[in-house]
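Subject: The model you asked about

Hi,

Here is the structure, for you to open alongside this email. My notes on it follow below.

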Amino acid sequence: TKSNKNTTTRRRRRPVANKNKKQHHHHCDDDSSSASTASTASASLSSSDLSSCEEDQENITNLNKQSIKNKRTQQRKSSSSTTANTTKKSKQPRRKHKKTSSPPSSPKEIQIPKELTPQEKSQYIALDAEMVGVGPHGQHSRLARITLANYDGECIYDTLVQVVETVTDYRTFVSGITPQDLEEGGSAIPFEECRSQVLELITDKIVIGHGLKNDFRVLGVT
């Protein structure tokens with residue numbers, strides 16, 4: 001009976017040990033599960049931190065892009081406003097500056113010389129030549145009449161001059177020459193005779209006239 005009791009007691013003790021083992025296993029499982037939950041929590045925390053950092057970076061980049069866009073739009077507006085201002089300025093009519101009227105100058109004193117002597121008067125001769133046109137459309141000028149006057153306005157020489165070429169334009173409205181004035185057998189003298197007489201009169205004289213350059217050209221005087 002004692003042996004049986006011992007066996008029974010021993011048998012009864014075994015399940016206690018088993019229970020302890022089971023409890024131990026349960027504690028280990030709890031520790032492992034807590035460790036796993038802790039690790040997952042830390043993992044989840046780290047991933048959330050990473051995601052928040054990425055979101056922050058995206059927000060920063062978006063803000064930078066927006067600021068760059070704003071700056072560009074402001075620059076465009078400023079450039080457009082400056083161009084508009086310049087165009088407005090260019091379109092504005094220029095103001096005419098009023099010329100300041102200068103005070104009237106005092107009249108110049110002109111000294112009238114005393115009466116010239118006859119010898120001094122003889123140094124002045126006035127000359128006027130009238131020409132007609134020859135060639136196509138009367139483009140070339142030829143001498144047709146010449147007049148000389150002294151200091152007192154007295155005519156000292158006046159003659160018509162023969163024209164060898166065919167006259168195509170008498171220029172009557174300016175010269176007063178008509179075809180009858182230059183007809184053969186009239187009072188017109190040859191050109192060479194007229195030229196020599198005029199040169200004799202104007203040599204060493206002060207010649208006065210209008211357009212003398214043209215008059216000397218038809219006379220052949222340089």
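(Helices are DSSP runs of H or I with at least four residues, strands are runs of E with at least two, and both are numbered from the N terminus.) With 57% relative accessibility, Gly-153 counts as exposed; here buried means under 20% relative accessible area, exposed over 50%, and partly exposed in between, using a 1.4 Å probe and protein chains only. Gly-153 has a positive phi of about 85° in the turn of the β2-β3 hairpin, which has five residues between its strands. From C-alpha to C-alpha, Gly-153 is 8.1 Å from Ala-126, although 27 residues separate the two in sequence.

Before you read on, some housekeeping. This is a predicted model, in which local features need pLDDT of at least 70 and side-chain atom pairs count only at pLDDT 80 or more, while totals for chains, interfaces and linings use all residues. Residues are numbered from 1 along each chain as its sequence is written, and side-chain values use heavy atoms, with hydrogens and water left out.

Now the overall layout. The protein has five helices and five strands, and along the sequence they come in the order α-α-β-β-β-β-α-α-β-α. Of its 222 residues, 16% count as buried. If you take the contacts (heavy atoms within 4.5 Å) with a separation of 6 or more, 59% are between residues 24 or more positions apart.

On to the strands. β1 and β2 run antiparallel and are joined by nine bridges; two strands count as paired if DSSP finds at least two bridges between them. One of the pairings puts Met-131 with Leu-143 in β2 as its bridge partner. The β1-β2 hairpin has five residues between the strands, and there Gly-135 takes a positive phi near 85°. β2 also pairs with β3 (residues 155-160), again in the antiparallel sense, over five bridges. In that pairing Ile-146 stands opposite Thr-159 in β3.

What about the inside? The largest nonpolar core has 17 residues, and Leu-127, Leu-143, Ile-146, Tyr-157, Cys-194, Val-198 and Leu-219 have the most contacts inside it. (A nonpolar core is a set of buried Ala, Val, Leu, Ile, Met, Phe, Trp, Tyr and Cys residues joined through side-chain atoms within 4.5 Å.) At least two residues of this core come from each of β1 (124-134), β2 (140-149), α4 (191-202) and α5 (212-219), and β1 gives the most, with four. Another core, of nine residues, lies apart from it and includes Ala-144, Val-163, Ile-177 and Leu-182. Going back to Tyr-157, and leaving out residues up to four places away in sequence, its contacts include Ile-146, Ile-189, Cys-194 and Leu-201.

A search of the whole structure finds four salt bridges, each being a side-chain nitrogen of Lys or Arg within 4 Å of a carboxyl oxygen of Asp or Glu. Glu-115, Lys-121 and Asp-152 are linked in a network of them: Glu-115 meets Lys-121 at 3.0 Å, N to O, and Lys-121 meets Asp-152 at 3.7 Å. Lys-121 sits in helix α2 (residues 118-121) and Asp-152 in the loop between β2 and β3, 31 residues apart. Lys-121 is buried, with a relative accessible area of 17%, whereas Glu-115 counts as exposed at 66% relative accessibility. Arg-145 and Asp-158 form another salt bridge, with the closest N and O atoms 2.8 Å apart. Arg-145 is in strand β2 and Asp-158 in strand β3, so this pair ties together parts that are 13 residues apart in sequence.

Cheers
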